[in-house]
Amino acid sequence: MRLLSSIDGGLILSALLLAAIGLATVHSASSELPVDYFPRQAAWVAIGLVLLVISMSFDYHVLLDLSVVLYVLGLVSLVAVLVFGVVRGGAANWLQIGPWQFQPSEFAKLATGLFLARYLASLNMRVLEIRQILISVVIVGVPMVLVAVEPDKGGAAMYAPLLAGMLLVAGLRMRLLVTAILVALALGSGIWMFGMRGYQRQRVLTYLAPETDPLGAGYQVRQSKIAVGSGKLLGQGYMRGTQSQLRFLPARHTDFILAVLAEEWGFLGVAAVLGLYAVYISSAARIAIRARDRAGILLVVGLVSIVCFHVLYNSAMVVGFVPITGIPLPFLSYGGSFTMINFISTGIILGVDIRRYVNR
Amino acid sequence: MQVVREHRDDLVSRVRVLTTLVTGVLVAIATGFWFVQLVQGDYYRELAENNRLRKLPIKAPRGLIYDRKGRLLVENVPSYNLTIDRSRSDRLEDSLEFASGVLGRPIEDLRKILEGYQGIPQFKPVLLAENLTLSEVARIGVEGLRFPEFEVEVQHLRLYRHREQTAHLLGYLGEASQAEIEEANGSYQPGDMVGKKGIEQTYDAKLRGADGERVVVVDSRGELLEEYGKKPAVPGRNLTLAIDLELQQEAARWLDGPEKVGAVVAMDPRNGEILALVSSPSYNPNLFARRLQKGEWKALIEDPNHPLQNRAIQNTYSPGSTFKIIMETAGLTEGTFDDHTTVGCAGAKSFYGRPFRCWRAGGHGSVNAHLALKLSCDVYFYTLGQKMGIEKIARYARLFGFGSPTGIDIQGEKHGLVPDPEWSEKARKQPWYPGETISVSIGQGPVLVTPLQMAEMTALVANGGYKVVPHLIKNADLPPPEHVPIDENALRTVRGGMWAVVNEPGGTAYGSARLPGVEIAGKSGTVQVIAYAQRLNTHNLPFKYRDHAWFTSFAPAENPRLVVTVFAEHGGGGSRVAAPIAQAIYAKYFGIDHGKSPPP
């Protein structure tokens, strides 16, 4: 197997190490919860590894050829979730099929990435034209709007880095970029005034001035910072974080897992984890750079953009830089669909890499 | 090999730029962690170890409940509980000794209570004793300075002012069950007291309001350092019921006593407002406000008369002769009989080769529609029933609301039963016998109704064919009542017959329900509990073999404003036992002193 020997060690090792750290931390974070999420998360990781191998073994050109079908399937499942969805935590973003529940938005996101990569790869241009940009926006916009009306605005926001990363790499005129940023600012203020629910606005406000809502999100930020800060350099020790503090964090095994880790392992633990993410991201970038064709580059960029955004946003949130939103940390946070999707995209990235010499 | 240029170099350089950007942000975030963990680390470590943020609930006061005239039915009264924060105690043994002295309880009891809380963090206050007397509260307040670990918590308990008299309609509170917590989608917390029955249950969301909370910073000794934030509680909304306390109490008085088992419903036929709803025997809901003692619960559950059951909606009975109201309306509407059709009654008549008796052995002679109701002639209705057939009878019974819940705003309503051949095949796995139609014609056989369904049926006759939805709340937001396809002339004849029952000499309730000053129209019913042949003398029969008594009625006969339905389980004859109770309620409602009081 000449193919396997060319697997990028940095990418796979960083993913595996992060997943292992995640498992240990999930176990610690659930110690005060009614259930230990460790066995379930271990199962998700195991399934994820199988999915990684499967998705790596597919030639990504086949995936790109199928991307229209996958994209349409993704849209159908998003519509289905609007009609038959199971409501959890205020948003109907779960689909129940027999005993299985899954979040179609995760899979639709992957399909959208494939479809957009195929579209952008077909354009042999140095920079994109306005029309092509608009088509790209529509390709991403349709599933994004469907997710947003669930209403899962956090999930919808995840489509933005996908689009941004791929467009930036596919090529935008500088003048256009500046205009886009200005338009985004205008849109943002519009959404603030008309498109947000009270609690969402409150979250943003709380970020800007935490003392305005000490009971809600401000309370969580404070709890998170107390946990992170009390870790100091070396941490309080594994399973020995003052969970009396973190007990008040509603999602410490998911969204706030980094706060648990920071408290127990200190700055060294955080630095190690962020370092592993840096390894993961730069390995993916290396794979993109040496990919065989335009499609490969764009596909890898799209997938890794999503991971980047999750990592940057979640870690910034835990340390109190940005408002609290339900954005989990790849490979570390507990979650079935999310864990599986991260392994699948890692598999696809590796699939691009092992085919860099192969001619089709 | 064909090399595709694909502007590769451009793409690659952009990937490099982006990677650098992302790495830069990652470094910035890592710097943030460095700042929080290393520069501010001591500050946060101290916060984590020495100071604590605590969330303290602020309970929302539950809404009060008033009757239609603004008289208070339920209020909240303070009750004092003793809690202990074990982390603040210097020596737990001393603390318990002090508490034991104040409460007059052996110290072993208190120790045992604390053992039950071993899994709970030390700083979390735990409940040591409930319902402290004011003098105990005062002693803890004064001497408690030496024992800061104790705290007296004020908890508001529901006080049902009229106890047994309003128990079934108001219901009571209890700790939310696991199922209720899950169903409530986040509005119930474990340990919350929620409505379990009656009005308290139906309108729980309105009554409960929303609890608030306080976040306070406390030091390691648990002393409050500062209030960090506060969300005030939103008090529950008050409710005004359609109930008229005076009528409710009058009905309750007449049903109070040993061997007084039954239900009374008083309703406004124009809009379905319930003015009184009583079930007997009853229970004292104030017992549920505090933790129920084991013996008390057992006594309630094992009482053969089931005091927890709301007989007005949860028990079903044969309607007996009251069913003749429906029979006559159906016969006249369908044209099977008209007002002048007469049936000869000789005390019995043979159907399908079997004799069916009239309640009056001597017979009623020639009976028309008016007389049939007034005298409650069985033979007339046997004949009518045979001609109409069970299908039509069942259809009209359903039109009157039998066989389905009325939709009253308390839970637990029974459907009752309107039998027909289809039901017989399905439920009994046997064919419908024609003879059963004859029995059903006088309200015997498998027909079953709740007293509330009976009241709803009577209201429909009284208001000229409108099906009102009975409700306990005043100013309920309900759709306009539906008009039932029943002949207006038929209803007029039936109302005339019911008027004659009470107001014409010879009517079955002439002696027992007539009230000078207001014209009551009604129909009595007697339901045999054991077969006719085995009976000797009703008076000497043991309680459980005595007949059930019905009386359902409205007044004034013209433009009725009140429907009263009385059911007395094993009461004896309908006109003798049930009619006087209805009479007393009308007397109260119309302000007439008729000089009667409940028999002992």
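**A pair of helices and the chain contact**

A: Helix 2 of chain A and helix 13 of chain A are roughly antiparallel to each other, a term for angles over 145 degrees, whereas angles under 35 degrees count as roughly parallel, 65 to 115 as roughly perpendicular and the rest as oblique. Helices (H or I, at least four residues) and strands (E, at least two) are DSSP runs numbered from the N terminus. The model is predicted: local features need pLDDT of at least 70 and side-chain atom pairs count only at pLDDT 80 or more, while totals for chains, interfaces and linings use all residues. Residues are numbered from 1 along each chain as its sequence is written, and chains are lettered from A and ligands numbered from 1 in the order in which they are written.

Two packed helices are described by the angle between their axes and the distance between the axes. For helix 2 (residues 9–29) and helix 13 of chain A, the angle is about 160° and the axes are 9 Å apart; axes are lines fitted to C-alpha atoms, for helices over the stretch in contact, and angles run from 0 to 180 degrees between N-to-C directions. The crossing of helix 2 and helix 13 of chain A is left-handed, that is, the near helix is turned anticlockwise from the far one by less than a right angle, and a right-handed crossing is turned clockwise.

Residues are in contact if their C-beta atoms, placed from the backbone, lie within 7 Å. From helix 2 of chain A, the contact includes Leu11(A), Leu18(A) and Ile21(A), and from helix 13 of chain A it includes Leu261(A), Val273(A) and Tyr280(A). By class, the contact of helix 2 with helix 13 of chain A has 16 nonpolar, five polar and one charged residues. Ala, Val, Leu, Ile, Met, Phe, Trp, Tyr, Cys and Pro count as nonpolar, Asp, Glu, Lys and Arg as charged, and the others, Gly among them, as polar.

Helix 13 of chain A also takes part in the contact between the chains. That contact takes 45 residues from chain A and 39 residues from chain B. On the side of chain A that touches chain B, at least two residues each come from helix 8 (159–170), helix 11 (217–230), helix 12 (243–246), helix 13 (257–289) and helix 14 (294–318) of chain A. Helix 13 of chain A gives the most, with 13 residues. This side of chain A divides into 27 nonpolar, 13 polar and five charged residues.

Gln37(B) is found in helix 1 (residues 8–39) of chain B. With 29 other C-beta atoms within 10 Å, Gln37(B) is buried; a residue is buried if 20 or more other C-beta atoms lie within 10 Å of its own, exposed if 12 or fewer, and partly exposed in between, with C-beta atoms placed from the backbone. Not counting residues up to four places away in sequence, the residues that Gln37(B) touches include Val228(A), Lys232(A), Ala262(A), Gly266(A) and Phe267(A).

Lys232(A) lies in the loop between helix 11 and helix 12 of chain A. Its phi is near 50°, a positive value in a residue other than glycine. Lys232(A) counts as buried, with 21 C-beta neighbours inside 10 Å.

Helix 8 of chain A has twelve residues and reaches 17 Å from its first C-alpha to its last, close to the 16 Å expected at 1.5 Å a residue; the expected span is 1.5 Å times one less than the number of residues. Among its buried residues are Tyr159(A), Leu162(A), Met166(A) and Val169(A). The buried residues of helix 8 of chain A pack against helix 5 (104–122), helix 6, helix 7 (153–157) and helix 14 of chain A, together with helix 1 of chain B. After helix 8 of chain A comes Gly171(A), with a positive phi near 115°.

Helix 6 (residues 130–148) of chain A has a partner of its own: its axis and that of helix 4 (residues 60–84) of chain A come within 10 Å and cross at roughly 15°. Helix 4 and helix 6 of chain A are therefore roughly parallel to each other. They pass in a left-handed crossing. Leu75(A) and Leu78(A) of helix 4 and Val142(A) and Leu146(A) of helix 6 are among the residues that make this contact. By class, the contact of helix 4 with helix 6 of chain A has eight nonpolar, one polar and no charged residues.

Conventions
Contact = placed C-beta atoms within 7 Å.
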